[in-house]
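Me: I have a model open and want to learn how to read it. Can we go feature by feature?

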Amino acid sequence: MSTFSAPPETPATALAPANSAIAAAVREGLTAPRKSLPAWLFYDAEGSRLFEQITLLPEYYLTRTERAIFQAEADRIIAAAFQSWHQATGDGQPTPDGAGRLRLLELGAGTATKTGILLAAAVRAQGETEYLPIDVSESAIAEACLTLTETLPQVNLQPQVANYVTDDLAIALHDGPTLALYIGSSIGNFGHDEAVAILRNLRAQLRPGDTLLLGTDLVKDTAILEAAYCDADRVTEAFNLNMLRRLNRELGAGFDLSTFRHVARYNREASRIEMHLRSTRTQQVSIPSLNLSIPFQAGESIHTENSYKFTPDSIRHLLREGGFAVTHTYTDPQNYFAVTLATVAA
Ligand code: AVI
């Protein structure tokens with residue numbers, strides 16, 4: 001049983017939590033009977049840097065596999081998005097004044113490193129192309145815009161800083177097809193209900209004939225999956241532990257990082273990698289700014305992330321619940337990763 005108390009000797013310091021959302025999430029997660037912290041807490045500046053490093057690791061096949069699929073299929077994906085629009089509306093290719101052009105929108109765009117491949121294909125097909133990156137991180141969007149302005153001057157950027165998980169999307173109307181991107185297996189970090197809610201939020205902004213390109217990691221051999229989340233260079237371990245370092249810095253918490261171990265296990269029944277931080281000893285960790293002292297048994301863990309793995313059937317069902325119908329599936333020769341094109345369901 002995990003209980004907590006604020007011992008009288010723990011002063012409520014003047015250290016006001018920098019961010020009340022962090023404080024609320026930490027209080028809720030660490031005082032629950034099964035301790036957890038939300039995965040969005042990974043992404044401070046250091047966590048984002050470590051994640052970029054993860055995407056380059058030999059064990060972390062996800063990013064390079066999805067990129068290879070885009071490189072092989074980008075022109076066909078753009079053509080299929082036009083085709084879906086044509087089937088729903090009867091409209092053909094864009095007119096010389098630009099009406100009917102395909103625009104790209106991206107949820108959780110981040111620095112948009114892989115998106116350039118799809119944008120370049122759209123530019124090849126139609127010339128000038130509008131791109132709406134949506135991300136909660138202003139600095140990531142700024143970096144994406146800077147890179148794209150230099151590399152793809154025919155892309156017209158319309159960035160939006162928004163949290164697509166907690167807020168309703170508000171996307172401007174467009175007089176042609178929209179191809180929405182939700183790539184990088186980002187949907188895998190949400191449970192089923194939240195994933196469906198994200199898709200429905202997006203669906204509400206789209207029209208018949210618009211399309212969604214969804215990137216998802218696929219179920220595979222346990223050893224390959226676990227290696228991707230427990231790499232030899234221990235970058236994922238540093239990424240996981242960085243969450244505690246962040247709580248020490250931003251909430252004045254007293255986590256001793258040397259007493260927590262990184263654990264990544266594949267839960268086959270739930271089709272997900274689970275990441276945990278396991279306390280190696282019985283201890284109390286104080287968080288003075290929250291007036292909390294958190295007890296840990298030796299071996300007790302904090303669940304920090306789920307990363308769901310999919311099958312073609314589970315992708316189809318998830319998209320169907322979110323209001324989309326699958327039209328095309330693109331995979332790599334090893335069937336490690338799927339990029340699925342789906343149209344707005346009638
Ligand atoms: C961002 N997301 C898709 C990554 C994943 O694979 O679930 C986050 C990650 N966690 C550990 N390694 C990478």
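**Backbone first, then the ligand**

Reply: Start in the loop between α7 (222-228) and α8, where Arg-234 sits. Keep in mind that this is a predicted model.

Me: What is phi of Arg-234 near?

Reply: General idea first. Most residues other than glycine have a negative phi. Now the case here. Arg-234 has a positive phi, near 60 degrees, and is not glycine.

Me: Is Arg-234 buried or exposed?

Reply: Exposed means over 50% relative accessible area. Arg-234 has 52% relative accessibility, so Arg-234 counts as exposed.

Me: Which other residue has a positive phi although it is not a glycine?

Reply: Ser-185, with a phi of about 60 degrees. Ser-185 lies in the loop between β5 (178-182) and α6 (192-203).

Me: Is Ser-185 buried or exposed?

Reply: The cut-off for buried is under 20%. Ser-185 is at 4% relative accessibility, so Ser-185 counts as buried.

Me: On to cysteines. How many disulfides does a search of the whole structure find?

Reply: The criterion is two cysteine sulfur atoms within 2.5 Å. The search of the whole structure finds 0 disulfides. Look at accessibility instead. Cys-145 is buried, because its relative accessibility is 14%. Cys-230 is partly exposed, with a relative accessible area of 42%.

Me: Now the ligand. How many residues surround the ligand, and which are the closest?

Reply: Read the shell by distance: a residue is near if a heavy atom lies within 4 Å. Here 13 residues surround the ligand. The closest are Tyr-60, Asn-189, Tyr-229, Glu-305 and Ser-307.

Me: How much of the accessible area of the ligand does the protein cover?

Reply: Compare the ligand on its own with the ligand in place. On its own, the ligand has 340 Å² of accessible area, and the protein covers 95% of that.

Me: Which elements give two or more residues to the shell?

Reply: They are α2 (45-54), α8 (235-251) and β11 (301-308). By residue class, the shell has 7 nonpolar, 5 polar and 1 charged.

Me: Which domains supply at least three residues each?

Reply: Domain 1 (20-54 + 223-308) and domain 2 (61-218 + 311-344) each give at least three residues to the shell around the ligand.

Methods
Residues numbered from 1 in each chain as written. Predicted model: local features only at pLDDT ≥ 70, side-chain atom pairs only at ≥ 80, totals over all residues. Heavy atoms only, no water. Areas by Shrake-Rupley, 256 points an atom, 1.4 Å probe, with all protein chains shown as cover. Helix = DSSP H or I, 4+ residues; strand = E, 2+ residues; numbered from the N terminus. Nonpolar A, V, L, I, M, F, W, Y, C, P; charged D, E, K, R; others polar. Domains from an automatic or database assignment. Buried < 20%, exposed > 50% of the residue type's maximum accessible area, 1.4 Å probe, protein only.
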